[in-house]
Every structure is written in C-alpha cells, then in structure tokens.
Amino acid sequence: MIDHIFFENSYLFWPVVILGAILFGLFIWKEWMLKLDISLLIKVFVAFILIFSLAMIALKPATMRTNKEAVVLLTKGFSQNRLDSLKAKHKNLKQILYQENVPFEETLDLFGTIFILGDGVATYDFWQFNNRPATYLGSPMPKGITKLKYPLENVIGENLEINGSYNNATKGHSLVLQDSYGLAIDSVALLTDSLQNFKLKAALKATGKFVFKIVEKDETGIRVSQELLPFKVVPKTTFKILFINSYPVFETKYLKNFLSEMAHEVVLRTKLTKNRYKFEYFNYSNVPIINLDSITLSRFDLVIIDDMSYKSASKRQKTAINNAIENDGLGVFVQPNYNLFSQSNKEFDFRFEKDGKTKLRLTEYGKIAFDKFPFRFKNRNRFEGIHSSNGHNYTAYKRFKKGRVGTSVIHNTYQLQLKGKTEAYKRFWSDIVNRLAKQKESEVDWKINTNISIIHQPFKFELGISKSNNNVTLFNDRQLALKQHISGSNLWSGTNFPSQQGWNQIRHGNEALDFYVFDTLAWQSLRTSNQHKMNNLYFLSSQHNAKRQRVRKTIPLFWFFVVFLFCFGYLWVHPKFYG
Amino acid sequence: MSKGGKHILTQFQRRWQLILFTKSMLYAFGISLLFFVLTKNKIISIVFFVLIVLTVVLFTKPWKISLKKVAQYIDEQLPSMENSTELLLMPKKSLSMIAILQRYKVAERLKKDKGQLPVRYSLKKPLLLFVLLGVAAFLINYWGYDKTNNYLEVQPSSKNNIVVKALDSSLNKARRPVVTEQHLMIKYPSYTMLPNRSSTQMNIKTLEGSTIYWTLTLDKKIDSVLLEDTSDTHTMKSNGKVFSIAMFLKQSSFYNFKLVDYDGASYLSELYAIEMTTDELPKINIQGVNRFSTFKTSDKKRITFNAFVSDDFGLADAYIIATVTKGEGESVKFREERLSFDTSFTKGSKKLKLAKTIDLDSLQMEPGDELYFYVEVVDVKQPKANRTRSDTYFAVIRDTTSNQFAVESTMAADLMPDYFRSQRQLIIDTEKLIADKATISKTVFNKASNALGYDQKALRLKYGQFMGDEEDSGIQVGLEMENEPNENDPLDKYTHKHDSNNEHDLEAHDHKEESTNKETKSPLDNYLHDHDNPESATLFTQSLKGKLRQAMSEMWSAELKLRLYAPHESLPYQYRALNLIQEIKNSARIYVHRIGFDPPPIKEDKRLSGDLSTINSYKKTEEISRNEEVAHIREAITRLSQLINSKTKISNIDRRLFKIAGNELAAIAIDNPSRFLHTLQSIKWLSQQQETSTENLLKIQSQLRAVVPKLPINPTKSSYLNSNMNDLMLQELDNND
C-alpha cells in the first residue's frame with residue numbers, strides 16, 4: 001500500500017518545478033506561434049508528461065511501504081526450540097548468522113522485523129541497530145558465575161570481599177578462592193542445583209598487584225574450572241588529627257592511643273586552666289600548635305573537639321575553623337555531651353530528637369551493645385549517616401562545601417576496649433575518621449567502562465582531570481586518542497585495544513590506571529550474562545520497542561525514463577509526418 | 001651279607017636324593033642372589049629363592065626314588081651285577097637256593113664295585129651355573145647397577161646427600177662440585193654420659209650444650225665452604241677436599257652450606273634445621289607426709305617420708321632444707337639446716353627412692369616452734385645445674401600455754417585495755433568449775449563459785465569506770481579482798497588475775513605515776529579526750545554507752561548467779577556480756593583506723609588570687625613507631641608481585657630485602673621449624689639468586705603471604721577528584737538547603 005510519496009532529492013523540488021514550468025511555458029509559446037488545433041492540445045499534454053518525467057528523474061520519488069518480512073539474527077548460544085517456534089509463527093523467516101564486527105545494516109534494512117536469538121550481539125555492534133526495529137529474545141542464562149562484584153583497588157589491611165552468583169550450580173561442588181600460586185584461602189560449598197549467591201573473603205596483607213583465582217572443584221577435589229581475579233592493593237595513608245578538649249576524658253585518651261599506635265599524626269590540646277594547655281604530640285614533628293588559626297588548621301585533616309571547647313573559642317577561631325571546613329575540606333567531629341542535645345545549642349547545625357534509649361545495637365557490629373545518649377538524629381536531608389540502624393542515624397555528618405562536620409550520640413566507646421572488644425572499637429572509629437577527615441585531592445580520576453577487558457577487544461575508560469587542560473595525553477606503549485566530554489572540559493573518554501595479556505597500564509603524567517587483560521576464554525559465563533543484560537537494556541529502549549512496520553521504497557527511475565523517451569519520440573516524430 | 005648289600009642300596013638312594021636337593025638349592029641360590037643384586041629387595045629375593053627350590057624339587061621329585069629304582073639303575077650301570085641287584089631287596093625266605101647264592105654273589109660284587117657306580121645326576125652343571133651367577137652378581141654389585149638415574153634419585157638413602165645448586169643457573173653443570181661424603185657428629189655434653197652420635201642426616205635435633213662436627217668431602221678442591229646459619233657465616237676448615245667445622249649449640253636455628261669455587265661461583269645447599277632440646281628439670285614426688293603436721297608436746301615428734309626423685313641424665317644431689325622458727329611476732333627467730341636423706345645417695349643415678357625421718361626433738365624444737373622443710377634436687381647438668389624444689393611442708397608442736405587473743409595485727413600498738421580480756425577467762429573458769437563439780441566437795445564448789453562472783457563484780461566495776469560511774473557505786477572491792485585471803489582461793493592457779501586490784505598493786509611499779517593518782521585519775525585518761533564531763537566523753541558514742549550498760553547489767557546477773565552457787569545459770573549472762581564487749585571492741589577498732597590524712601595548710605594569701613604566673617603549659621612529644629615483626633616480609637611480598645608482573649631480574653637491593661625477610665621468617669620459624677622450613681629455604685635461595693622462574697616466585701609469595709598476619713583495622717585516606725563539576729554540585733547543594 002502506498003501511503004505517501006516523498007522525494008529523496010526533496011531539496012531540488014522547487015528548482016525543478018520552476019525549471020519545468022519555464023520549459024513548459026516556452027514549449028506552449030513556441031507551439032502557439034504555429035497553429036492552434038486539436039493536435040496542439042495533444043502536444044501540450046505530451047510535453048507536460050515529458051517534463052514531469054524529467055522532473056521525477058531529478059527528484060527521485062519514493063514511497064513508504066509496509067514490509068511484513070521478518071529476519072532472525074542468530075547469535076552464539078541460540079536455542080533451536082525458540083528458532084523453531086519463531087519459524088512456525090513467521091512464514092518466510094530469513095536467518096542471518098551473526099558475525100562480530102562485520103557490517104550488516106543494509107541487509108537488516110530489507111526486513112520489517114528483526115529478531116535476535118542467543119547470547120546477543122557484542123556491544124560494539126549495537127550501532128548497526130540504531131533506529132531499526134529489533135527484538136532481543138535472549139537465551140537461557142549460562143552455567144557458571146553470572147554475577148561478580150569485588151573492588152579492583154583495595155587498601156592494605158582490609159578484606160577483599162567477593163560477592164557473586166553462580167547459575168545452575170552442581171550440588172556438591174565448591175568454589176575455592178586461591179592465591180596466585182594456588183593456596184586455598186576461602187571456600188564455599190555449592191548447596192543447590194539452581195542459582196546460588198556466594199561470598200568469598202581474603203585478608204589483604206601486602207601491597208601490590210595480585211591475581212587470585214576462583215576455582216570450582218568437584219566432590220573429589222578435582223578442578224573443574226578456574227577464573228582469574230586480578231586486583232590491586234594500595235598502601236595506607238595516615239591522617240593528621242587534632243584533638244581539642246577543655247578537660248581530659250577517657251574517650252580522648254583511648255582514641256588518641258589507638259590512632260597514634262596506628263602511625264597517624266596526633267596532636268592533643270587539653271585545657272589545664274585559663275590560657276594554659278597540655279600539648280601532646282604523637283608522631284608529629286612539625287611546628288608546635290599554639291593558636292587555632294587558619295595556618296594551623298590547614299595542617300590537619302580532622303579536628304576532634306568537644307562542645308565546650310568550641311563554645312569557648314573566640315570568634316576569630318571559630319571563623320578560622322569554619323573557613324578551614326568550607327574551603328580546605330577539614331573534617332570536624334564534635335565529641336558529644338548532654339549540652340550538645342539541648343534545644344538551645346545553636347553552635348552546630350545538628351538536630352536531635354529524644355528516643356529514650358541508652359543502649360544501641362548496630363547490625364554490622366553483631367551483638368555488641370553501644371552506650372548512647374537517649375537521643376538520635378532527626379531525619380533531615382542534608383545529614384549522611386555513618387552509623388545507622390532501622391532508618392535512624394546515630395553517627396552522622398553534614399557537608400559544608402568541601403568539609404564535613406559530624407557527631408555521634410554514641411559515647412563511652414572506650415569501654416569496648418576495656419571489655420576486650422578491640423576490633424569493634426577500631427572499626428567504629430575507623431568508620432568515623434574515614435568518612436569525616438579531609439580526603440586526598442587527586443589530579444586524575446579514572447573510570448573503567450569495560451568490566452572485563454579482553455585482549456584485542458576495545459577497553460573503554462573515562463578520565464576526569466582536576467584542572468581544565470586541553471592538552472591531555474595518555475600513554476600505554478603509544479599515545480592514545482581521547483575524546484573530550486561535551487559538557488565539561490575536564491572529562492575525557494577513550495578506547496584502547498590492549499595487545500598483551502596480564503597487567504596493562506595507561507599513564508597520565510604520574511598517575512596510572514592499572515587494568516588486567518584476560519584471554520578470550522576468560523569469564524565466559526560472566527561475560528555472556530553481562531552481554532544478555534546489555535542487549536536487554538539496549539533493545540528494550542523505545543527506539544527498538546516500537547516495531548517499525550513500514551520501509552521506504554524508491555520508485556524505479558527506469559519507468560520515468562521510458563515515458564520520457566516515448567513522449568520525446570512522439571514530439572520529434574509528429575512534425576515529420578504532419579508537417 | 002645281604003643286609004650289607006641292601007644297606008649300600010639305601011646309602012646310594014640317600015645320596016641320590018641329597019644330590020637332587022643340593023641341585024635345587026644351587027639353582028635357587030644363584031638365581032636369587034642375582035635377583036637381589038638387581039632389585040636390592042630382600043623379601044622378594046627370599047620368596048624367589050623358596051619358589052625356585054620348590055619348583056626344582058617338584059620337578060625332580062627326589063622322594064620318588066625308591067630302592068627298586070636304585071637297583072634297576074645299578075643293574076643298568078654295572079654289568080657285573082648280572083641284573084640281579086633286585087635280589088638284595090627280596091626277603092631271603094622267598095628265594096630259591098640258586099637265588100640265594102646269586103644274592104650273595106651280587107652283594108659281594110656290589111661291595112667291591114660300589115666305588116665305580118656313576119652318579120646319575122651330577123652336580124657339575126648346577127655348580128657351574130651357581131658360580132657363573134655368583135660372579136655376575138658380584139660384578140654387577142661392584143660396578144654399580146644403575147637402572148635409571150631417576151630411580152636413584154627417589155631412593156631414600158640418596159635423599160640425604162647434600163645437593164648443591166649453582167646460584168648462577170647458566171653455569172656449566174660439569175663444573176658443579178659434588179659432595180661425595182657428608183658426615184655429622186654430635187658430641188653430647190660430658191655429663192650426659194651419652195656416646196657420640198654420627199649421622200649423614202643433616203637435620204639435627206639434639207641436646208643443649210652439644211657440640212656438632214660437620215665434615216664434607218667434595219669431589220674436587222674448591223676455594224672455600226661456608227656454613228651459614230641464621231645469625232652468622234662460618235668458614236669451614238679445609239684439608240684438601242675435606243672441609244670440617246665444629247659448633248657449640250646454643251639455640252635452635254637453620255643452616256646451609258655455601259660452596260665457593262676458585263672462579264668465585266657460588267653453590268648453595270638446601271636449608272637444614274637444628275632443633276635444640278633442653279635438659280629436663282629433675283622431678284620430685286614426696287609421699288607419706290601431710291602438708292601440715294601438728295604434734296602435741298607429749299607425742300613422738302617424728303616425720304617420716306619417702307621422696308621419689310628422677311632426672312633424664314642423672315642426679316647430682318638431693319637434700320632437705322629445714323627451717324625452724326622460734327617465737328612470735330617481732331621476736332621470731334629462724335634457724336636453717338640442711339639435712340641429708342637417710343638412704344644413701346648415688347650420684348649420677350637417674351631414679352632414686354630416698355627416705356627420711358626427721359626427729360623434731362633432735363632439731364631442738366620446743367612447743368610453739370614450727371618447722372618448714374622442702375626437698376631440693378640438683379641434676380648433673382653443667383655448667384649450670386638444674387634445680388627443683390618440692391613444695392614446702394609444715395610441722396608444728398602445739399603450744400598449749402600460749403594466749404590466743406590478739407588485737408588486730410595492723411595496729412601499730414595494742415591499745416586495748418587489759419580489762420576487756422577477762423570476761424572470756426571468767427567463762428573458762430566457770431566452765432571448768434562446772435566440769436569439776438562431781439569431783440570436788442560442795443563447800444569447795446560453793447566457795448569457788450562465790451570467788452568467781454567476786455571476780456565478775458570486780459570486772460563490772462572496772463567497766464563502770466569507763467562509764468564514769470563512781471567506784472563505790474557497788475560493793476567495795478578492796479574490803480572484800482581483805483576478807484578473802486589469796487592463799488585460800490582454790491581457783492588461784494586457774495585464775496588470770498589481771499583483773500583484780502591486787503594484781504594492779506603488784507604491777508604498780510610499771511606505772512608509778514598512775515598509782516599515785518589512782519583515786520583521782522581514771523585509767524583511761526591516756527585514751528580519752530575528756531572535757532571533764534564523763535557524759536560527753538568522746539571515746540564511745542551513745543549507742544556504745546548503751547551497749548556497755550547492757551553488758552554491765554548482764555554482768556550483774558552473772559555475778560548474782562555465781563553468788564547463788566549456780567555457775568551454770570550464770571554462763572548465758574556471761575556469754576552475752578562477752579559478746580557485747582566484743583562488739584564494743586570492734587567499734588573501737590574502726591575509730592582507731594579513722595585517724596589519717598592531714599591536709600597541708602592552705603596559703604591564704606595565694607587563695608583565689610587568679611595568679612597563673614608560676615603555672616606553665618605542658619608539652620609532651622612522643623614517636624610511637626609501629627615496629628612490625630614481619631614488615632620486611634610484607635615488603636618482600638610486594639616486591640615479588642612487581643617481579644612477577646614486570647618479569648625483571650632480581651637486583652641486589654631485592655636480594656638484601658629477601659635476606660632480611662628471611663631472617664624475620666627464621667625468627668618465627670624457630671618455634672615451628674617443620675612448617676616453615678620449606679618457605680625459609682625458598683626465600684634463602686631467592687636472596688642469593690639472580691634469576692628464577694615466575695612459578696617459583698609465585699610459590700614463595702604464596703608461602704610468605706600465609707605466614708604474615710592480618711593488619712589491624714585502621715582508618716585510611718581515600719582520594720577524590722577536585723574538579724569544577726564537584727564544586728558546582730556542592731554549590732547547588734548549598735543553595736538548595
């Protein structure tokens with residue numbers, strides 16, 4: 001059915017029409033001069049047809065037509081059953097075997113409906129389906145690890161935690177986490193025959209780049225399969241922490257001991273009497289602290305201060321502290337006491353509400369009960385929780401430009417140490433210090449967009465640069481081309497085709513991105529599962545969802561030419577017979 | 001004669017059988033000898049031997065050789081027998097005359113010709129085969145049968161050989177020196193009396209103080225051989241191809257040999273462990289005596305016990321240390337004596353049963369004296385002997401005369417007045433009187449009871465003084481004293497008369513001044529803070545006064561009953577009085593303890609002046625460095641990961657790092673050598689080599705990783721990108737707050 005005609009060279013429409021009209025006018029004028037009879041009328045008509053045909057040849061008319069033909073693109077791992085059902089439904093179903101990285105968009109244009117069966121097309125072939133009606137029918141999830149989550153970069157002393165899902169597990173088999181040489185570190189038994197989530201853990205004891213393994217073993221301990229697990233361990237960096245107390249408290253004493261034993265630079269200023277202080281310097285060899293001015297504060301990452309010290313600070317000192325928070329990113333932790341919770345306390349922007357409970361259990365700390373003031377944070381937007389339970393914050397902070405100010409309703413944590421729960425104590429304070437203290441400003445921020453990079457396949461990454469710089473060059477073994485992001489001058493993206501397996505590196509100045517390149521057989525199940533997800537996501541988007549029923553068809557110009565020739569012939573021959 | 005002929009036949013039969021047996025033995029022995037040389041397996045060879053013997057015997061069937069067969073054989077071999085040998089086997093009676101004659105003839109001929117009888121089965125062939133096989137076995141053994149080199153390497157005996165590896169793997173294998181012989185001798189300390197022990201096994205477990213001698217023989221002369229242990233490197237003495245060294249064992253450690261040839265190339269052996277055991281302490285087991293023994297003065301004061309003592313290398317001495325204490329409190333005196341056992345002691349014996357009887361009298365112990373003793377055993381260890389002491393045992397001779405009462409020991413002085421002690425004595429005397437009632441006359445009993453009533457009164461009056469009562473508020477004591485002469489008092493020897501006025505008079509010389517003012521001055525003047533008014537005396541509080549009054553009324557009642565000659569009825573009153581007095585005494589103690597701190601006087605002129613000029617701020621600086629024991633091992637793991645990823649060569653700096661890491665590991669490994677020996681050896685290798693396989697590096701890394709403990713939880717800085725996008729977002733957040 002012809003619904004609509006349009007011209008491919010529509011931009012020529014008006015020039016052609018004008019030219020045609022002029023030509024037609026000239027013809028009529030010329031004929032008019034000779035004689036006026038019935039033959040003239042016929043000639044005029046023929047001339048009109050001729051000029052029309054000529055114009056059509058120039059404008060290339062086309063029609064939109066409904067195309068009922070369907071095609072199925074068979075990708076790796078397609079199910080024959082599904083193909084058969086599809087064939088039963090669509091007569092004259094054409095089949096195309098998918099080949100990676102081979103252009104086939106023109107073929108696709110011939111069909112009104114495109115089905116994709118199997119594991120889907122590679123992400124780098126998606127462009128071929130832009131604005132084409134395609135439906136991804138998928139295939140069953142492969143057997144093996146289909147989900148995997150673990151940090152590529154870790155800090156020494158922490159645990160490497162690997163979370164994942166195993167699809168179609170074999171009951172009785174087990175997954176073993178092994179180190180680079182094959183020494184077992186952790187293991188989990190596969191207990192069901194369906195999907196099973198698993199969690200593996202390894203203590204990170206040294207810095208460096210490591211490649212651990214996840215090995216699947218059968219009941220007899222024989223290796224069934226093995227996948228590599230690369231990750232990087234970076235060293236710890238220490239903080240500079242300033243304590244300001246108006247009287248000595250146990251909490252400070254124990255916290256200071258913990259932090260200084262962990263090699264952090266700790267300075268304590270405890271008030272003895274008016275203008276007389278006790279200064280304690282641990283691992284701190286810099287200039288002595290005399291006044292709380294902006295220079296002093298700029299040397300520290302975190303200030304732990306009690307309510308009274310802050311209140312009694314001079315206006316100048318308070319301004320210095322606020323400036324350091326907002327502009328330098330200084331973190332401030334306010335040690336709580338009852339005054340902090342009174343309604344009249346307007347020094348900090350904290351808002352509390354009474355809950356009447358003096359003991360608190362936090363899920364991630366198990367059975368340990370923390371002592372607390374009978375208050376909790378009012379739920380407000382700008383407060384981010386550090387220790388939360390049941391939707392309420394018990395330790396929280398608020399951002400003030402670059403810096404953060406936080407406090408906790410939990411107190412007497414030093415008693416945890418006295419009770420021998422040192423681990424919990426250290427974790428509690430590590431959480432607080434990590435979240436509040438000034439962070440290191442890095443010049444470069446890398447983001448990897450390719451989960452598992454495979455040799456000779458595109459590895460996509462993004463790069464954020466702190467200072468706007470139009471001259472960004474990256475190297476691995478040669479210079480890499482980069483694309484600047486349209487919205488920000490310091491966001492760049494690039495693609496690399498790694499040519500060697502193992503650890504690769506992309507450098508920008510002194511900063512480097514380390515990534516591991518696998519062989520083409522690595523992590524099959526995971527990659528397939530990821531490809532399923534990507535295909536689902538891509539083909540579900542609206543442009544593919546609305547099935548395009550009609551295809552454009554150009555009317556063959558040959559017929560216009562034939563008509564033109566006949567008309568031309570008639571006009572030429574006619575004077576010869578009757579002239 | 002015929003018997004003689006038959007005898008010859010039997011002899012021949014036996015000989016025949018013996019030859020067959022010998023033949024099978026020769027075959028079997030020869031073959032199994034060769035087999036043994038080839039396989040070196042005794043059991044299989046023996047089984048083989050038995051099998052061959054059985055086979056040959058079964059084949060030849062020597063038991064089937066009958067006399068008849070022998071006779072037939074002889075007939076065949078000796079024509080002179082005229083086929084009549086069988087006649088010798090037949091009974092004479094069944095033979096005809098001619099046959100008998102023939103039999104005689106045959107017997108005679110057989111006797112004559114038996115030397116000519118050829119042996120059917122000669123031993124020549126088996127002997128020859130045996131000799132041939134024997135020679136072959138000898139030759140094979142001499143030149144050494146070498147099935148394959150691989151086979152030899154898995155032989156347990158060859159595993160002990162010191163194998164050296166060149167540090168530079170590119171070196172020609174042929175140049176590598178080979179340790180042809182290794183010898184290790186452990187000389188135990190002389191006191192152990194143990195013979196020297198020799199071994200080719202290089203892992204050593206021996207006693208502290210032993211001397212170890214190593215001797216290595218090499219196949220060629222080289223520059224030097226070093227023995228490297230965890231702390232030091234020792235050069236071995238060279239004597240041509242033989243190198244030796246001796247070391248005195250002080251601690252557990254690890255060692256290896258390093259061979260240096262004339263070209264300077266080094267070769268390293270495997271790592272071996274020296275595990276040191278210590279001489280055990282002697283053991284003592286004492287039997288037959290209680291931890292505490294008490295003796296009455298009248299008892300036989302003897303303690304008898306057995307001590308079972310033992311030691312792993314022999315005992316040098318065993319004795320008893322006895323300490324006798326005399327007296328009490330500050331006047332206590334100690335006397336220590338060393339006693340030997342009654343059983344003779346043999347020096348050097350490993351196990352002994354020693355007996356001892358201690359006679360307390362011979363130690364000149366008196367009632368109230370105490371004896372503490374323990375057994376001490378010394379072993380033969382040199383230079384410093386091990387000593388073990390047993391628990392301490394106590395023996396006391398009970399002193400029935402001593403006074404049990406004592407004021408709390410923490411008080412510097414006994415401040416309690418004597419008066420308080422007497423109620424108890426009165427009770428004791430009353431109880432004694434009741435007990436003696438049956439044995440004494442009624443008059444005596446009544447008199448004694450009355451006298452006790454008098455004592456009770458005297459006591460009550462003295463307490464009355466504490467209360468501020470008049471002395472004459474009751475019956476006059478002094479007057480009655482005169483009426484009751486001392487000599488006639490039957491209770492005199494039982495009564496402890498500190499309480500009576502008379503006693504006071506007798507001891508008046510102790511406090512002359514007091515006695516002069518006796519009537520006017522209260523005996524408590526020294527203890528009272530008396531503001532003239534007895535009622536306001538601060539010694540006792542109101543409730544104490546009440547208690548004292550109650551006690552006095554109890555005493556009244558007790559006195560009444562005693563005066564009525566009913567001492568048993570007075571006892572409950574006396575007890576109540578005693579309890580009350582006891583309570584009062586306890587309260588008094590608390591009062592004494594309350595005396596204490598005197599604060600320094602406040603300088604009024606400085607008070608509240610706000611002068612801080614002499615007060616300074618205080619400053620304290622401390623470097624708390626976290627010295628981790630395994631810091632270098634961690635560093636080595638990191639470096640190994642770099643080496644594995646970059647595939648670069650091991651540099652000198654790396655080798656130094658690995659060496660330090662190795663030392664750190666050795667410190668851990670000493671407690672558990674078997675677990676870490678392999679790792680230690682690997683890292684030792686690494687600290688000497690230039691190149692090694694990635695596989696090996698991975699292995700060492702894995703082993704080291706397993707050794708180091710997890711780091712404690714510790715906050716760490718994270719990083720963020722400080723870009724204008726972030727600033728914009730923060731700005732927006734601020735604006736919308």
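These are my notebook entries on a few places I looked up in this structure.

**Entry 1: what I am looking at**

I am working with a predicted model, so I keep that in mind throughout.

**Entry 2: where chain A meets chain B**

I started with the contact between the two chains. How many residues of chain A are in contact with chain B? I found 52 residues of chain A in contact with 44 residues of chain B. Next I looked up which elements of chain A give two or more residues to that side, and they are strand 13 (208-217), helix 5 (250-261), strand 16 (265-273), strand 17 (276-282), helix 10 (422-436) and strand 28 (440-442). Strand 17 of chain A gives the most, with seven residues. I also sorted the residues on this side of chain A by kind: 17 are nonpolar, 16 polar and 19 charged.

**Entry 3: a pairing across the chains**

Three bridges join strand 28 of chain A to strand 23 (residues 719-721) of chain B, and the two run parallel. Which residue is the bridge partner of K440(A) in strand 23 of chain B? I noted S719(B). A reminder for myself: strands of a sheet pair through backbone hydrogen bonds, either parallel or antiparallel.

**Entry 4: a helix in chain B**

I then turned to helix 19 (residues 724-735) of chain B. Helix 19 has 12 residues and reaches 16 Å from its first C-alpha to its last, close to the 16 Å expected at 1.5 Å a residue. Helix 19 of chain B is hardly covered, as the count of buried residues among its 12 residues is zero.

**Entry 5: one aspartate in chain A**

D306(A) sits in strand 18 (residues 302-306) of chain A. Is D306(A) buried or exposed? I count D306(A) as buried because 25 other C-beta atoms lie within 10 Å, and the cut-off for buried is 20 or more. Leaving out residues up to four places away in sequence, D306(A) touches N245(A), S246(A), Q335(A) and N337(A). I also checked D306(A) against I244(A): the two are 62 residues apart in sequence, yet 6.7 Å apart in space, C-alpha to C-alpha.

**Entry 6: a three-stranded sheet**

My last stop was an open sheet of three strands in chain A, with the order 7-9-12 and antiparallel pairing. Strand 7 (144-149) and strand 12 (196-203) of chain A stand at the edges with a single partner strand each, so one side of each has no neighbour in the sheet. The twist averages 30 degrees from one strand to the next. Five bridges join strand 7 of chain A to strand 9 (residues 159-167) of chain A. I looked up one facing pair here: I145(A) stands opposite Y166(A) in strand 9 of chain A.

Key
Residues are numbered from 1 along each chain as its sequence is written. Chains are lettered from A and ligands numbered from 1 in the order in which they are written. This is a predicted model: local features need pLDDT of at least 70, side-chain atom pairs count only at pLDDT 80 or more; totals for chains, interfaces and linings use all residues. Two residues are in contact if their C-beta atoms, placed from the backbone, lie within 7 Å. Helices (H or I, at least four residues) and strands (E, at least two) are DSSP runs, numbered from the N terminus. Ala, Val, Leu, Ile, Met, Phe, Trp, Tyr, Cys and Pro count as nonpolar, Asp, Glu, Lys and Arg as charged, and the others, Gly among them, as polar. Two strands pair if DSSP finds at least two bridges between them. The expected span of a helix is 1.5 Å times one less than its number of residues. Axes are lines fitted to C-alpha atoms, for helices over the stretch in contact, and angles run from 0 to 180 degrees between N-to-C directions.
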